[in-house]
Amino acid sequence: MAIRAEDPEKASSRVEAQGTSRPQKAKAQADLPGKLKSLDRKLVELLQRRATITLQLARTNPQFLIPPACWCSQDTWVEEVTKSSEGPLPRRCLQAILRELASGCRALIKPLRVAYLGPAYSYSHLAAVHRFGESAELVPVGTIAAVFEEVNRGHADFGLVPIENSTDGRVADTLDMFVRLPVRICGQVELEIHHALLARCKREEIREVYSRPQALSQCRNWLARHIPAVKTVEVTSTSTAAQLASEKPGAAAIASIHAAVHYQLDVLAERIEDNPNNTTRFAVIGKESAPPSGRDRTAMLFQVEHRPGALAEAMMIFKRNRLNLTWIESFPVPGTRGAYLFFVEMEGHETDTRVRRAFASLKRKTLRLECLGSYPVTEPIG
């Protein structure tokens with residue numbers, strides 16, 4: 001095989017190019033910290049400019065920041081801004097930054113007061129932070145009923161309550177309160193739930209595992225395989241479980257990584273939920289529905305007569321109006337025997353013609369009918 005010699009002039013040029021590129025590359029690398037500082041200063045300047053414009057907009061157009069429209073439009077804006085983003089940062093990271101920015105700007109005019117099922121660092125707290133940001137006034141309360149009461153009495157602008165889990169299904173306490181108080185669903189947060197085993201001792205030293213009943217249920221197979229002899233103890237929240245694990249020898253908790261950081265616990269095992277796609281859907285409750293976004297859902301509850309075919313007649317109304325149902329639950333009528341309420345969720349907004357037509361038809365077929373609210377569809381949060 002013949003080997004072609006490289007042209008001397010080309011070889012000389014190549015060597016010269018290599019010789020000059022190395023110092024330039026080293027200089028460019030040395031300049032990187034300075035470039036980062038410069039970009040950080042520009043970012044801070046831009047953030048302050050955005051806050052200033054938000055204040056100007058609030059003075060000229062007060063409707064812009066009236067909830068729930070303000071944070072519903074925020075979701076649309078965040079989706080649009082990050083849709084075509086290119087670069088190493090994932091979309092969820094950019095969206096979290098923008099939501100926190102919007103939360104801070106909104107708090108300059110009027111901070112939102114949001115009640116949630118506490119204490120802090122529970123999954124309800126994490127969902128509230130994802131939805132409203134750290135700049136909102138997040139108020140932990142002891143029960144789901146208390147969240148509804150805070151909103152109903154006007155002590156909170158919004159409440160956040162769990163409504164459905166992918167493993168355990170409906171949250172009965174939440175459905176029961178929709179029957180009792182006239183609040184509306186105006187948003188949702190679908191949060192991916194990843195449980196961790198937390199403690200201040202080694203796994204073989206654990207004698208008790210604390211957590212909420214739902215969390216224990218979602219990890220029962222893992223617990224049976226890895227620590228079958230350990231006693232499980234139900235408590236009111238995963239945060240309470242983490243606190244107990246931080247105080248009691250031989251105790252562990254099933255809770256979030258955030259709880260581990262807050263209570264200074266060791267993470268003995270991560271993602272111990274039996275269902276890797278474990279999610280909990282939270283309802284944002286307030287006094288009115290969210291405005292139409294073009295991609296909405298509407299929730300209703302109704303009661304029909306206790307006779308053959310009554311439920312089938314009601315369900316046919318959704319079919320005739322070409323409404324796709326995304327969730328159906330039955331729930332006993334409080335204080336009665338043999339009577340049930342039906343919770344349904346459908347695609348569309350309550351102001352849509354097909355939804356209004358279905359609602360009017362249902363009125364003639366039901367003993368009780370209430371629209372629980374309309375809200376935009378959001379993507380699950382990891």
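The conversation below goes through the core, the surface, the cysteines and a loop.

Student: What kind of model is this, and how are residues numbered?
Tutor: This is a predicted model, in which local features need pLDDT of at least 70 and side-chain atom pairs count only at pLDDT 80 or more, while totals for chains, interfaces and linings use all residues. Residues are numbered from 1 along each chain as its sequence is written, and side-chain values use heavy atoms, with hydrogens and water left out.

Student: How many residues does the largest nonpolar core have?
Tutor: The largest nonpolar core has 29 residues, and those with the most contacts inside it are F148, F178, I185, I285 and F343. Such a core is a set of buried Ala, Val, Leu, Ile, Met, Phe, Trp, Tyr and Cys residues joined through side-chain atoms within 4.5 Å. Buried means under 20% relative accessible area, exposed over 50%, and partly exposed in between, with a 1.4 Å probe and protein chains only. Apart from this core lies another, of 20 residues, including L112 and V189.

Student: And what is I185 in contact with?
Tutor: Leaving aside neighbours within four places in sequence, the contacts of I185 (heavy atoms within 4.5 Å) include I163, F178, I285 and Y375.

Student: Changing topic: is A30 buried or exposed?
Tutor: A30 is exposed, because its relative accessible area is 56%. A30 lies in helix α1, residues 8-60. Helices (H or I, at least four residues) and strands (E, at least two) are DSSP runs, numbered from the N terminus.

Student: How far is A30 from A199?
Tutor: Their C-alpha atoms are separated by 44 Å, and the two residues are 169 apart along the chain.

Student: How many disulfides are there?
Tutor: The count comes to zero, where a disulfide is a pair of cysteine sulfur atoms within 2.5 Å.

Student: Last topic: where is S122 found?
Tutor: S122 is in the loop between β1 (113-117) and α4 (123-132). It counts as buried, at 5% relative accessibility.

Student: What does S122 touch, away from its neighbours in sequence?
Tutor: Not counting residues up to four places away in sequence, S122 touches Y116, L117, T238 and S239. S122 and S237 are 115 residues apart in sequence and 6.6 Å apart in space, C-alpha to C-alpha.
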